[in-house]
Amino acid sequence: MSANIPSDVISDILSRLPVKSLSRFKSVSKSMLAFLGDPEFVEQHLKKAILKNPNLVLKLDSKLFYVEDEEWSKARRLPLPFSLCLENVEISGSCNGMLCISDQQCNQDIFLLNPSTGVFKHLPFSGFDVAVVENSFTTIGFGYHQAEGDYKVLRCAYIYDKPFIDIDSYECEARVYSLKADEWKNIGAIPYHLGYKAAIWLGNEFLIWKATRGLGRAGKYLIVSYDMSREEFKEIPQPVVNYNGELHMEVSVFDGLVSTFYLSKYDEAHIWTMKEYGVKDSWELRFVIKLPERVESYNYMFLKPLVILKNGEILLEAGEKNKNPA
């Protein structure tokens, strides 16, 4: 049959199928295995996938659940073949349908997982020069560097020497893992304190965090990017937000653009998007959302946008007191 059907038609048909179906086809023949693994077909399949409402992986305690239907009406438990290696589970990033999963404490064990196939990679020990001890904090970023055709993980460790006296007194070290080379590279200290939440991958060479320069009273919310090409950090200018009340900020990605999510304590949330990356004047106020009545004052800071659906609806996550959202 394939001899009578043009190869571009076959490619177009297969690119519309879910990963689970494609995984079964790999055992049909050697030629099919090679075709499905071709970088051009993989890129074509990814472009088709992002036109649909994205799949969602949510965390409840140390369990992960996969929401895979377009109406988001069903969820199934996502099995983790390496679950016995982790005391707690943290989603430390996602990229091209892959998940970066780590423990919830010091992120010593880091795994890259394809949830559709169950294939995973246990990353080698990062081997920080500074000792990651009890009074320490780590954060992770995960993304795909298209120019190098390589998946990368950035892990930063902060070690506080005066945790109960001076919160701004700490040592910092950062390392970058290359899946292609299967090794970590020390990139030294960084001049920012990155947030505890995983970085956001923009679909290019940038990883984005909410950050501060200082944690005490002098601390200020920043948006910081890591350029995987230049291997350097840079601050991204924020929009001018005219609001006199108490604000909380989160960083996200909407429509492939850097976005900020500003929440006032008792009133509303503003979602801004940066239409041209790195250009301050390109910020645009996209949405103003009234806070749900059921959101109490103590947990408004745990609200965050997850995704904008194709029908224009915005899915928000409301956290709980003393419980970090996934």
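Residues are numbered from 1 along each chain as its sequence is written, and side-chain values use heavy atoms, with hydrogens and water left out. Because the model is predicted, local features need pLDDT of at least 70 and side-chain atom pairs count only at pLDDT 80 or more, whereas totals for chains, interfaces and linings use all residues.

The chain contains four helices and 22 strands, assigned as DSSP runs (helices, H or I, at least four residues; strands, E, at least two) and numbered from the N terminus. Of its 326 residues, 42% are buried, that is, under 20% relative accessible area, with exposed set at over 50% and partly exposed in between (1.4 Å probe, protein chains only). The chain exposes about 18,200 Å², of which carbon and sulfur atoms supply 51%; accessible areas come from the Shrake-Rupley method with a 1.4 Å probe, and for residues only the protein chains shown count as cover. Among contacts (heavy atoms within 4.5 Å) with a separation of 6 or more, 44% join residues 24 or more positions apart.

In soluble globular proteins, nonpolar side chains tend to be buried together. Apart from neighbours within four places in sequence, F233 is in contact with L154, I187, I190, Y192, L194, W209, V224, S225 and Y226.

Seven aromatic pairs were found in a search of the whole structure. Rings of Phe, Tyr and Trp (its six-membered ring) pair if their centres lie within 6.5 Å; planes under 30 degrees apart count as stacked, over 60 as edge-to-face and the rest as tilted. The ring centres of Y226 and F233 are 4.9 Å apart and the planes lie at 45 degrees, so this pair is tilted; both residues are buried. One aromatic cluster is formed by F142, Y144 and Y151.

Most residues other than glycine have a negative phi. D182, not a glycine, has a positive phi of about 55 degrees. D182 is placed in the loop between β10 and β11 (183–188) and is partly exposed, at 35% relative accessibility. E231, likewise not a glycine, has a positive phi of about 55 degrees. E231 lies in the loop between β15 and β16 (232–236) and, at 30% relative accessibility, is partly exposed.
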